[in-house]
Amino acid sequence: MDAFLVALKSVLTDSGFMAFTAGNAIMILVGCILLYLAIVKGFEPLLLTPIAFGCLLANIPRTGFETDPGVMKLILAGIKYEVFPPLIFMGVGAMTDFGPLIANPKTLLLGAAAQAGVFVALLGAMLLGFNVREAAAIGIIGGADGPTSIYLASKMAPHLLGAIAVAAYSYMSLVPLIQPPIMKLFTSKEDRKIKMAQLRTVSHFEKVVFPIVCTIFISLLLPSVCSLIGMLMLGNLFTEAGCLGRLSDTAQNALMNIVTIMLATGTGLTMKAESFLTTQTILIIFLGLVAFAGGTAAGVIFGKFMCILDHGKTNPLIGSAGVSAVPMAARVSQVVGQKANPSNFLLMHAMGPNVAGVIGTAVAAGTMLAMIGAAK
C-alpha cells in the first residue's frame with residue numbers, strides 16, 4: 001500500500017497540473033476561442049483549427065515537445081528550418097491560374113501597390129519600439145499571405161511567430177468584413193459601376209513559359225525567396241504543363257492537406273504563454289490590421305489612378321484584391337462591384353492582382369531580407 005501511495009504521489013508530482021500556471025490557463029482559453037471561431041463561425045477553419053489545437057498542446061506543461069525526439073519535435077523543426085512554407089506554396093501554385101495576370105499584365109502593378117501596407121506597418125512597428133527584424137516580420141502580415149508571414153517570422157523574429165501567424169490568418173478570414181468599407185471609402189459609386197472588357201484568351205505556351213521566366217528572374221533578383229517563388233511556380237508548372245496530372249493532383253490535394261496540418265499545428269505549438277501573453281502581441285494584432293487596411297487602401301487608390309490613366313477602363317475595386325488572400329479578396333471585389341452594378345462581373349479581372357499579390361508578398365519579404373541583410 002505504501003509503495004502504491006509513493007507511486008501515486010510521484011505521478012501527481014510529475015504531472016502537468018503541478019506546473020500549470022495562470023498563463024497556461026489563459027492560452028488554453030485562447031485556443032478554445034480560436035476553435036470556436038474556426039469550427040462554429042467558419043473563420044479559416046482549415047488553418048485556425050490546427051493552430052488552435054496546437055496552442056492547447058503548447059500550454060500543457062512538461063510535454064517535452066521541444067527536447068524529446070518525436071513527431072512534435074519534428075513538426076517544430078519544420079517550422080524552424082522553413083520546410084513547410086515552400087511546400088505550401090507548391091500546393092498554392094498548383095491551384096493558381098495566372099491566366100488573368102498574363103492576359104492583363106498591368107494588374108501586376110496593382111498587386112505591387114497593395115504591398116504598401118507592409119512597409120507602412122514596418123515603419124509603424126519601429127516607431128512602437130520593435131527592432132527592424134521584428135518590424136519586418138510584423139509588416140508582412142499586410143500581404144495577407146500566411147505561409148510568407150510564417151517564413152519571414154521564422155527567419156526574422158521566431159519568438160513572435162505565433163502572434164504573427166494568428167494575426168495573418170485571422171485577418172485573411174475577415175477579408176469580407178474589413179475590405180468593403182475601405183473600398184467604398186476610396187471610390188465613388190460611378191467608379192464601382194465600371195464594367196471591364198472581357199480578357200483575352202491566354203495560350204498554353206504563355207501559361208507554361210510564365211512560371212519558368214518568373215522563377216529565373218525573381219530568384220536572380222532576390223535569392224532569399226527562391227524557395228518560395230520556386231515552389232510556387234513549380235506547382236503551377238505541374239498544372240499548366242498538361243502532362244503532369246498526377247503531380248498536380250498530389251500537390252493540390254494530398255501534399256497540400258498534409259503540410260497544412262503540419263504547418264498550422266506547428267504554428268500553434270509556438271504559442272506558449274510566456275511568449276504570447278505580452279504587450280507585444282496586442283501591438284502585433286493592431287499593426288497587422290494597419291498593414292492589411294493600408295494594403296487594401298493602397299491597391300484601391302492605385303486602381304483609381306489606373307482608371308484615370310486608361311480613361312475609365314479599369315474598375316478601381318480590383319486593386320483591393322492585390323493583398324493576396326486568394327481567392328477571397330477577388331470575390332470581395334466581385335461582390336462589392338455587383339452591388340453597385342448587378343451586371344458587373346469583376347472576378348476574373350480581380351484574379352489578376354490577386355495572384356500578383358501572392359508574388360508581390362514574396363517579393364516584399366525578399367526585399368526586406370535583402371535590405372536588412374545589407375544593413376547588418
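Predicted model: local features only at pLDDT ≥ 70, side-chain atom pairs only at ≥ 80, totals over all residues.
**View 1. Overall fold of the protein chain.** The protein chain has 21 helices and zero strands, where helices (H or I, at least four residues) and strands (E, at least two) are DSSP runs numbered from the N terminus. Its radius of gyration, taken over C-alpha atoms, is 22 Å, close to the 21 Å that the globule rule (2.2 Å times the number of residues to the power 0.38) gives for 376 residues, so the chain is as compact as a globular protein of that length. Along its principal axes the C-alpha trace spans about 90 × 45 × 45 Å.

**View 2. Burial in the protein chain.** Of the 376 residues, 52% count as buried, meaning under 20% relative accessible area with a 1.4 Å probe, protein chains only.

**View 3. Helices H14 and H15.** The axes of H14 (residues 204-221) and H15 (residues 226-240), lines fitted to C-alpha atoms over the stretch in contact, come within 9 Å and cross at roughly 170°, on a scale from 0 to 180 degrees between N-to-C directions. The two helices are therefore roughly antiparallel to each other (over 145 degrees).

**View 4. Residues between H14 and H15.** In contact (heavy atoms within 4.5 Å), residues of H14 including Phe210, Ile212 and Ile218 meet residues of H15 including Ile229, Met233 and Leu237.

Residues are numbered from 1 along each chain as its sequence is written, and side-chain values use heavy atoms, with hydrogens and water left out. Local features need pLDDT of at least 70 and side-chain atom pairs count only at pLDDT 80 or more, whereas totals for chains, interfaces and linings use all residues.

Note on methods: Parallel < 35°, antiparallel > 145°, perpendicular 65-115°, else oblique. Buried < 20%, exposed > 50% of the residue type's maximum accessible area, 1.4 Å probe, protein only.
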